Every structure is written in structure tokens, then in C-alpha cells.
Amino acid sequence: MKKWLFSALFVVAGMATAYGQWCGESRYTQAQADSIVKSMGDSIGRMTRADYIKIDDITLEFMTMQALTPQQRTRFWIEKFDEVLTLDWSDAERAHIRKMRDYMAENGLKLYSQDCPEELRKQSQKTIEEWQKYAVDTFGWTPKVIYGVGWKLHRMTDKDGTLDLPYTGCVPEDKPAENPAENPAENPDGKPAPQPAGTKPAAQPAAAKSAAVPAVKTAR
């Protein structure tokens with residue numbers, strides 16, 4: 001059965017955009033992207049969500065996410081949810097999105113911390129699975145909608161899950177989803193997620209096409 005569950009919804013398990021990482025074109029290996037992020041130094045801590053969503057390489061985005069503080073990651077997701085809530089949802093859908101928004105506001109700092117209790121990680125996994133299952137069963141949300149709402153910090157332009165991405169990324173097939181609880185993807189250690197069944201990681205270049213640090217501006 002197809003494994004489409006995005007169990008790292010809102011990156012609560014310490015992951016970032018791992019699903020897209022297997023699908024999008026990238027100029028960098030993870031090691032190269034990590035080196036770029038480290039060279040940015042303290043500017044990462046001043047990064048805003050507006051800065052983050054302009055990053056035009058999917059691997060660089062992934063590694064940048066890992067360097068953000070728990071405060072940044074929590075704030076970025078609250079901003080994303082508030083933005084998603086402005087779309088033309090039904091009252092019930094809006095209440096459901098707000099429920100997860102409030103959950104992240106309450107628990108994000110602890111979930112993104114290095115010493116997050118294992119019990120909280122497991123509890124958040126269950127909460128997310130139940131939240132997703134309810135959205136699928138009650139509202140008929142597709143994997144694309146789930147991905148748009150909870151897997152990417154980028155602006156969602158419509159209720160169908162369309163994202164305003166600065167690169168060519170991987171978007172799940174837009175069709176009715178299977179029961180997500182049947183295939184929970186465990187990944188609590190912050191490593192990239194297993195590849196979806198039947199796919200292969202995108203080939204990485206032997207060397208970066210450009211050694212220049214991308215022009216990622218951060219708030220002063």
C-alpha cells in the first residue's frame with residue numbers, strides 16, 4: 001500500500017523537507033549545503049520566514065532548517081498556519097487547522113529542542129496521525145493538501161495545496177488519500193525520511209555547480 005503519510009508534519013520530529021529532497025533538482029550535496037549554512041554564521045539566527053522561503057535550492061533549504069533555533073522554527077510554522085487560515089476553508093476545516101496551529105504554539109519549543117522527551121515525540125506523532133486521518137476522512141484532503149499545509153513553510157496559494165516554491169520541488173499526486181494511519185513513517189532522529197516506495201533519490205552532482213554562497217538575505 002502506498003506510503004504517503006507525512007508523519008513529520010510541521011517537522012515536529014526534527015525533520016525538514018525530507019520528502020521533497022528525494023525529488024527536486026539540487027545544486028548541492030548535503031555536505032556542500034551544510035558547509036554553506038555554517039559559513040553563514042550568526043545570520044541564520046536572524047533569518048525570518050520571508051528569508052527562508054526564498055532559498056532556491058531544496059537541499060540548502062533542508063540544511064538551513066536544521067540550523068534554525070527552536071524559536072525560529074516554531075514562529076515560522078505559526079506564521080504559516082496563520083497564512084493558511086486566510087484561505088477560503090469551511091468553518092470546520094478552519095477549526096481543524098487552528099487546532100494544529102495551537103498545538104504547535106504550545107509544544108513547538110519543546111519538540112524542536114535537542115532534549116525533547118521521547119514521550120513527547122511519540123505523543124506528537126500520534127497527535128499528527130490522528131489530525132491527518134480526521135482531515136482525510138472528514139474533508140477528503142489529498143496528499144497534496146496535507147503536504148501544502150504541513151510539510152512546507154512556503155505560501156500555499158489555494159485550498160488544493162498549491163505552493164509558491166522558488167524551485168522545482170516534489171508535490172504528491174493529487175488524488176484521494178489512503179488511510180494514513182496504516183503506514184506511519186517513523187523517523188524521530190532527524191535524518192532524511194525513507195524514500196517513498198518505488199522511487200530513488202535524485203542523483204547528486206560530483207561537485208557543486210557553483211561554489212558561491214547563495215544570496216540569502218536575512219533580517220538585521
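**Entry 1: aromatic pairs**

I kept in mind from the start that this is a predicted model. I searched the whole structure for aromatic pairs and got 7. I opened Trp131 and Trp141 to begin with: their ring centres are 5.7 Å apart and their planes meet at 70°, so I noted the pair as edge-to-face, the cut-off for that being over 60 degrees. Next I looked up where the two partners sit. Trp131 belongs to helix H7 (residues 118-139), while Trp141 is in the loop between H7 and helix H8 (143-150), so the pair ties together parts that are 10 residues apart in sequence.

Are these two buried or exposed? Trp131 has a relative accessible area of 3%, which makes it buried. Trp141 is buried as well, with a value of 3%.

I then turned to Tyr147 and Trp151, whose pair is stacked, with 6.2 Å from centre to centre and 15° between the planes. Both Tyr147 and Trp151 came up as buried.

Which residues do ring pairs link into a cluster? I wrote down Trp89, Trp131, Tyr134, Phe139 and Trp141.

**Entry 2: helix H6**

I moved on to H6, which covers residues 91-111 and has 21 residues. From first C-alpha to last I read 28 Å, close to the 30 Å expected at 1.5 Å a residue.

I listed the buried residues of H6, among them Glu93, His96, Arg101 and Asn107, along with Ile97, Met100 and Leu111. What covers them? Helix H5 (70-84) and H7 are included in the cover.

**Entry 3: His96**

His96 is buried, its relative accessible area being 7%. Setting aside neighbours within four places in sequence, I found His96 in contact with Trp131, Tyr134, Ala135 and Phe139. Trp131, Tyr134 and Phe139 were already on my page as members of the ring cluster.

**Entry 4: the nonpolar core**

Last, I looked up the largest nonpolar core and found 41 residues in it. Tyr52, Trp89, Trp141 and Val149 have the most contacts inside it. Helix H2 (30-39), helix H4 (58-67), H5, H6, H7 and H8 each supply at least two residues of this core. Which helix gives the most? I noted H6, with 5 residues. Trp89 and Trp141 tie this entry back to my opening one, as both are also in the cluster linked by ring pairs.

Methods. Residues numbered from 1 in each chain as written. Predicted model: local features only at pLDDT ≥ 70, side-chain atom pairs only at ≥ 80, totals over all residues. Heavy atoms only, no water. Phe/Tyr/Trp six-rings, centres within 6.5 Å; stacked < 30°, edge-to-face > 60°. Helix = DSSP H or I, 4+ residues; strand = E, 2+ residues; numbered from the N terminus. Buried < 20%, exposed > 50% of the residue type's maximum accessible area, 1.4 Å probe, protein only. Expected span 1.5 Å × (residues − 1). Contact = heavy atoms within 4.5 Å. Core = buried A, V, L, I, M, F, W, Y, C linked by side-chain atoms within 4.5 Å.
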